[in-house]
Amino acid sequence: MTDDVRFDVRGGFGWITLDRQRALNALTLDVIRGMQKHLDGWAENPKVGAFLVEGAGEKAFCAGGDVVAVRKSRIEDGEGTAPTQFMLDFFGEEYRLNRTISEVPKPYVALMDGVTMGGGVGISVHGNFRVVTDRTLFAMPETGIGLFPDVGGGWFLPRCPGETGTYLALTGVPVKAADCLYVGAATHYVPSEKIDALREALADLPSGQGLSDAIAAVLGNFSASAGEAPMAAHREVIDACFRHDSVEDILAALRSDGSEFAMKTAELLETRSPTSLKMTLELMRRGARCASLAEDLETEFALVQSFLAGEDFFEGVRALLVDKDRTPKWSPASLADVSAETVETYFSRDGKAGL
């Protein structure tokens with residue numbers, strides 16, 4: 001199907017290895033389709049008792065979705081601002097895969113060794129066992145490319161402790177293993193030098209009853225302390241400032257706090273897309289009221305169609321990933337120009353896409 005991913009059966013596992021190292025194992029549409037096909041098939045295969053996904057190489061688990069290809073689709077195939085079929089397929093099928101991972105009837109293990117961002121979070125955080133290492137760099141950086149933290153971000157981020165999820169969603173800051181454990185994005189920390197041995201121990205487990213308990217036991221044997229979570233030291237400021245329901249009030253609270261952490265956070269927010277910030281905050285608040293990941297993903301599919309009809313996402317991808325000048329020109333350029341009516345319009349599309 002594609003050389004960018006490998007599928008094997010090892011012991012009792014259906015084993016997925018992302019192997020697009022030149023692009024930090026970013027997800028293409030073919031990779032998404034391959035994963036969906038194999039997860040569906042392995043779910044019915046009695047010889048497969050669990051799933052495991054990892055990234056080839058030492059740099060990345062998965063750095064996200066191939067948003068450069070999405071931008072290229074608009075340039076080459078777009079008619080006006082309407083999303084192309086490729087765009088709809090890419091995001092719709094990616095969200096369907098996220099939902100599948102959350103619902104598969106067998107244990108799902110993600111080895112989040114290396115860069116784990118955006119779409120990489122979507123194929124890990126909804127699984128049962130989420131392993132981070134000292135090489136893990138975890139982020140939902142979408143507000144910096146004119147998008148919003150999708151792939152179920154509207155479900156899992158509002159359920160992080162306090163306002164830590166809102167902080168991660170709006171800022172897009174990368175965090176390491178200890179913070180991943182602190183906010184619940186990871187379940188285990190394993191030192192990177194033990195990852196090869198962990199793979200071998202897991203691959204030796206046979207399919208059958210009790211496999212989930214056996215996986216938990218193996219992970220427990222390899223786990224270690226990741227140390228203190230840096231985010232914990234700033235928890236009081238995060239909860240106090242990010243509890244507000246408007247981005248303007250969050251910024252005002254950060255500036256009023258005046259600490260070095262708060263001021264740097266405010267400066268970072270001011271570089272993000274104003275549209276993305278307001279839509280993301282609204283998504284966090286709506287997501288907290290969602291009944292299920294499936295409901296959130298339908299909301300996200302509606303929202304992403306609005307972003308695909310706008311300009312900021314394509315400008316952000318250009319500035320950060322294509323031309324790499326890191327100077328996106330957001331439109332509108334100020335928070336004041338993103339009205340409550342605009343926010344509501346962005347959420348108003350029909351999100352149902354067979355997710």
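This is a dialogue about reading features of a predicted model.

Biologist: What should I know before I start looking?

Modeller: Residues are numbered from 1 along each chain as its sequence is written, and side-chain values use heavy atoms, with hydrogens and water left out. Since the model is predicted, local features need pLDDT of at least 70 and side-chain atom pairs count only at pLDDT 80 or more, while totals for chains, interfaces and linings use all residues.

Biologist: How do I read the sheet, and what is the order of its strands?

Modeller: Helices (H or I, at least four residues) and strands (E, at least two) are DSSP runs, numbered from the N terminus. Two strands pair if DSSP finds at least two bridges between them. Here, an open sheet of 6 strands has the order 1-2-3-5-7-9, with mixed pairing. Strand 1 (5-10) and strand 9 (188-189) are the edge strands, each pairing on one side only.

Biologist: Which way do strand 1 and strand 2 run?

Modeller: Antiparallel, with 6 bridges joining strand 1 to strand 2. You can find one of them at Phe7, whose bridge partner in strand 2 is Ile16. The hairpin of these two strands has 2 residues between the strands, and Gly11 there takes a positive phi near 60 degrees.

Biologist: And how many bridges join strand 5 to strand 7?

Modeller: There are 4, between strand 5 (residues 108-112) and strand 7 (residues 129-132), and these strands run parallel. Val109 has Phe129 in strand 7 as its bridge partner. Strand 7 also runs parallel to strand 9, joined by 2 bridges; there, Val131 has His188 as its partner in strand 9.

Biologist: Where do the side chains of strand 7 point, and are they buried or exposed?

Modeller: Buried means under 20% relative accessible area, exposed over 50%, and partly exposed in between (1.4 Å probe, protein chains only). In strand 7, Phe129 and Val131 point one way, Arg130 and Val132 point the other way, and all are buried.

Biologist: Can we try those words on some loops?

Modeller: The loop between strand 2 (13-18) and helix 1 (29-43) holds Ala26, which is buried at a relative accessible area of 10%. The C-alpha atoms of Ala26 and Asp66 are separated by 5.7 Å, although the two residues are 40 apart along the chain. Leu24 lies in the loop between strand 2 and helix 1 too, but Leu24 is partly exposed, at 31%. Leu24 has a positive phi of about 55 degrees although it is not a glycine.

Biologist: Where does Arg326 lie?

Modeller: Arg326 is in the loop between helix 15 and helix 16. With a relative accessible area of 62%, Arg326 is exposed, and its phi is positive, about 60 degrees, although it is not a glycine. Pro332 is found in the loop between helix 15 and helix 16 (340-346) as well, and the peptide bond from Ser331 to Pro332 is cis, with omega near 0 degrees.

Biologist: How do I read aromatic pairs, and how many are there?

Modeller: Rings of Phe, Tyr and Trp (its six-membered ring) pair if their centres lie within 6.5 Å; planes under 30 degrees apart count as stacked, over 60 as edge-to-face and the rest as tilted. A search of the whole structure finds 13 such pairs. Take Tyr95 and Phe301: their ring centres are 6.3 Å apart and their planes are at 90 degrees, so this pair is edge-to-face. Tyr95 lies in helix 3 (residues 85-103) and Phe301 in helix 14 (residues 293-308), so the pair ties together parts that are 206 residues apart in sequence. Both Tyr95 and Phe301 are buried.

Biologist: Which residues form the aromatic cluster with Tyr95?

Modeller: Phe86, Phe90, Phe91, Tyr95, Phe301, Phe313 and Phe314 form one cluster. Phe91 sits in helix 3 and is buried, at 2% relative accessibility.

Biologist: What about a charge over a ring?

Modeller: That counts if NZ of Lys or CZ of Arg is within 6 Å of the ring centre and within 35 degrees of the ring normal. The charged end of Arg159 sits over the ring of Trp155, 3.5 Å from its centre. Arg286 lies over the face of Phe347, at 4.2 Å from the ring centre.
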